[in-house]
Amino acid sequence: MSLSRSIFKSATSAPEAARDALAAVFAEELLAPSKTVHLLTPWISNIVIFDNSVGNFSGLNPEWDRREIRLIDTLVAIASNDTQLVIRVRPDNHNKPFEKRLFSTLADSGLQDKCDWKENSTLHTKSLLTDHVLIAGSMNFTERGIALNEEVVTLDFDPQHIAQAKMEFYDHGI
């Protein structure tokens, strides 16, 4: 049995595959919280993670209305499970609205101390690392990355690879 899956996507070939994979990974994170979630992406936007318009994801968070659940909503829900968020982005004006809204929403919930946000002008890595999975590839966490651009994303569930990635992240101060 393979412990990894690669997704090759574009706007016309498997356009929802990356979003569906992220939804599954974030759902797992809400059900089985990690100690720390690392999100590295040069550019970040408040992308849709779950389409909860008919309430099929309300079990993950009963406070969610019947609407699109976006990345900020998801990250705040994850932080409310006592998970530390480590987010690394480039110092780019594109990321400022996301940062401002994320920290405002975290502060409204008393969770602003659960997020370590840093900017790095040389960041090119795109990955999401939890206790359960490493997602890595060419995709930024933006609408273009998720739905439009040609991208490759690999989901790796191998505990040994996840442990190795955690060591690498900590060694590099991520």
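This passage describes the fold of a predicted model of a single chain and the surroundings of selected residues within it.

Because the model is predicted, local features are reported only at a pLDDT of at least 70 and side-chain atom pairs only at pLDDT 80 or more, whereas totals for chains, interfaces and linings use all residues. Residues are numbered from 1 along each chain as its sequence is written, and side-chain values rest on heavy atoms, with hydrogens and water left out.

The chain contains five helices and nine strands, where helices (H or I, at least four residues) and strands (E, at least two) are DSSP runs numbered from the N terminus. Read along the sequence, these elements follow the pattern β-α-β-β-β-α-β-α-β-β-β-α-β-α. The radius of gyration of the chain is 15 Å, close to the 16 Å that the globule rule gives for 174 residues, so the chain is as compact as a globular protein of that length; the radius is taken over C-alpha atoms, and the rule is 2.2 Å times the number of residues to the power 0.38. Along the principal axes, the C-alpha atoms fill a box of roughly 35 × 35 × 35 Å. Of the 174 residues, 47% count as buried, a term that means under 20% relative accessible area, with exposed meaning over 50% and partly exposed in between (1.4 Å probe, protein chains only). The chain exposes about 8,700 Å², of which carbon and sulfur atoms supply 51%, as calculated by the Shrake-Rupley method with a 1.4 Å probe, with only the protein chains shown counting as cover for residues. Among contacts (heavy atoms within 4.5 Å) between residues at least 6 apart in sequence, 70% join residues at least 24 apart.

Helix α1 comprises the 15 residues 17-31, which at 1.5 Å a residue should span 21 Å, and its end C-alpha atoms are 21 Å apart, which agrees; the expected span is 1.5 Å times one less than the number of residues. This helix is mostly covered, with eleven of its 15 residues buried, and among them are Leu-22, Val-25, Phe-26 and Leu-30 as well as Arg-19 and Glu-29. In the loop between β1 (4-9) and α1 lies Ala-14, which has a positive phi of about 55° although it is not a glycine and is partly exposed, with a relative accessible area of 37%. Most residues other than glycine have a negative phi. A positive phi, of about 65°, is also found at Asp-82, again not a glycine; Asp-82 belongs to the loop between α2 (71-79) and β5 and is exposed, with a relative accessible area of 57%.

Strand β5 (residues 84-89) and strand β6 (residues 115-119) run parallel and are joined by five bridges, at least two DSSP bridges being required for two strands to pair. Within this pairing, Val-86 has Asp-116 in β6 as its bridge partner. Together with helix α3 (residues 96-108), β5 and β6 make a right-handed β-α-β unit, meaning that, with the strands pointing away from the viewer, the path from the first strand over the helix to the second runs clockwise.

Leu-102, in helix α3, is buried, with a relative accessible area of 0%. Leaving aside neighbours within four places in sequence, Leu-102 contacts Ile-72, Leu-75, Val-76, Ile-87, Cys-115 and Trp-117. The C-alpha atoms of Ile-72 and Ala-107, 35 residues apart in sequence, are 12 Å apart in space.

Two loop residues complete the description. Thr-142, in the loop between β8 (134-137) and α4 (143-148), is buried, with a relative accessible area of 10%, and touches Trp-43, Ile-44, Ser-45, Ile-47 and His-94, not counting residues up to four places away in sequence. The C-alpha atoms of Thr-142 and Val-48 are separated by 9.4 Å, although these residues are 94 apart along the chain. Ser-53, by contrast, lies in the loop between β3 (48-51) and β4 (68-70) and counts as partly exposed at 41% relative accessibility. Beyond neighbours within four places in sequence, Ser-53 is in contact with Arg-66 and Arg-67, and its C-alpha atom is 29 Å from that of Asp-131, 78 residues away in sequence.
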